[in-house]
Amino acid sequence: MAICEEIAKLSYCNRKKVGALLVNNGNIISFGYNGTPYGFCNDCEDNEGNTLDTVMHAESNAILKCAEQGRSTNGSTLYITMSPCISCAKLIIQAKIKKVVYKELYRSASAIHLLEQSNIEIVKYENCKDLL
């Protein structure tokens with residue numbers, strides 16, 4: 001989780017910085033943080049502090065990096081500083097990720113319930129013992 005927190009620092013978002021790490025067979029296969037797509041301005045919020053529609057979430061960036069590089073996410077574990085939203089939960093399911101470890105709860109637990117319905121193991125990170 002410490003690596004995810006360091007990755008989150010790369011985000012240009014002011015409201016919330018989120019980091020994600022994909023691990024398979026003990027190896028890091030990808031990482032991501034919330035931000036804008038390639039070629040876009042790095043502004044994540046409007047003048048009122050609302051997140052812009054162009055911002056991508058950390059877990060989607062990590063999954064898409066694997067797709068770009070031809071790496072399978074099947075059976076991998078996603079570590080993330082904040083639990084996924086519904087849209088990212090659907091990506092996680094389609095990517096055949098088998099376990100999600102998160103530190104903070106996002107706005108609601110509905111995505112967590114969706115992942116559980118898909119038999120994806122969910123762990124709320126409290127300390128290093130959670131990962132053993």
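**Close-up 1. N61 and the residues it touches.** In this predicted model, N61 is in contact with F31, G32, Y33, G35 and M56, once its neighbours within four places in sequence are set aside. N61 itself is found in helix α2. Is N61 buried or exposed? Its relative accessible area is 17%, and buried means under 20%, so N61 counts as buried. Take F31 as one of the contacts: N61 and F31 are 30 residues apart in sequence, yet their C-alpha atoms are 7.4 Å apart in space.

**Close-up 2. T81 in strand β3.** Here we move to T81, which is found in strand β3. T81 has a relative accessible area of 7%, so it is buried as well. Which residues is T81 in contact with, leaving aside its neighbours within four places in sequence? The list begins with M1, C4 and E5, carries on with K17, V18 and G19, and ends with K103 and E104.

**Close-up 3. The buried face of helix α3.** Helix α3 takes in residues 86-94, and its buried residues are C88, A89 and I92. Looking down the axis of α3, you'd find these buried residues within an arc of 105 degrees, so they line one face of the helix.

**Close-up 4. Helix α3 beside helix α4.** Two packed helices are described by the angle between their axes and the distance between the axes. For α3 and α4, the angle is about 20 degrees and the axes are 8 Å apart. Angles under 35 degrees count as roughly parallel, so α3 and α4 are roughly parallel to each other. Their crossing is right-handed. On the α3 side, the contact is made by I86, A89, K90, I92 and I93, while α4 brings S110, A111, L114 and L115. Sorted by class, the contact of α3 with α4 has 7 nonpolar, 1 polar and 1 charged residues.

**Close-up 5. The buried side of helix α4.** Staying with α4, we find A111, I112 and L115 buried. Around the axis they cover an arc of only 105 degrees, so they sit on the same side of α4. What covers the buried residues of α4? The cover includes helix α3 along with strands β4 and β5.

Close-up 6. Follow the chain on from α3 and you come to K96, which is found in the loop between α3 and β4. The phi of K96 is near 60 degrees, a positive value in a residue other than glycine. How accessible is K96? Its relative accessible area is 47%, so K96 is partly exposed.

Close-up 7. N119 is not a glycine, but it has a positive phi of about 60 degrees. Is N119 buried or exposed? Exposed means over 50% relative accessible area, and N119 is at 69%, so it counts as exposed.

How values were computed. Residues are numbered from 1 along each chain as its sequence is written. This is a predicted model: local features need pLDDT of at least 70, side-chain atom pairs count only at pLDDT 80 or more; totals for chains, interfaces and linings use all residues. Side-chain values use heavy atoms; hydrogens and water are left out. Buried means under 20% relative accessible area, exposed over 50%, partly exposed in between (1.4 Å probe, protein chains only). Helices (H or I, at least four residues) and strands (E, at least two) are DSSP runs, numbered from the N terminus. The arc is that of the directions from the helix axis to the C-beta atoms. Axes are lines fitted to C-alpha atoms, for helices over the stretch in contact, and angles run from 0 to 180 degrees between N-to-C directions. Angles under 35 degrees count as roughly parallel, over 145 as roughly antiparallel, 65 to 115 as roughly perpendicular and the rest as oblique. A crossing is left-handed if the near helix is turned anticlockwise from the far one by less than a right angle, and right-handed if clockwise. Contact means heavy atoms within 4.5 Å. Ala, Val, Leu, Ile, Met, Phe, Trp, Tyr, Cys and Pro count as nonpolar, Asp, Glu, Lys and Arg as charged, and the others, Gly among them, as polar.
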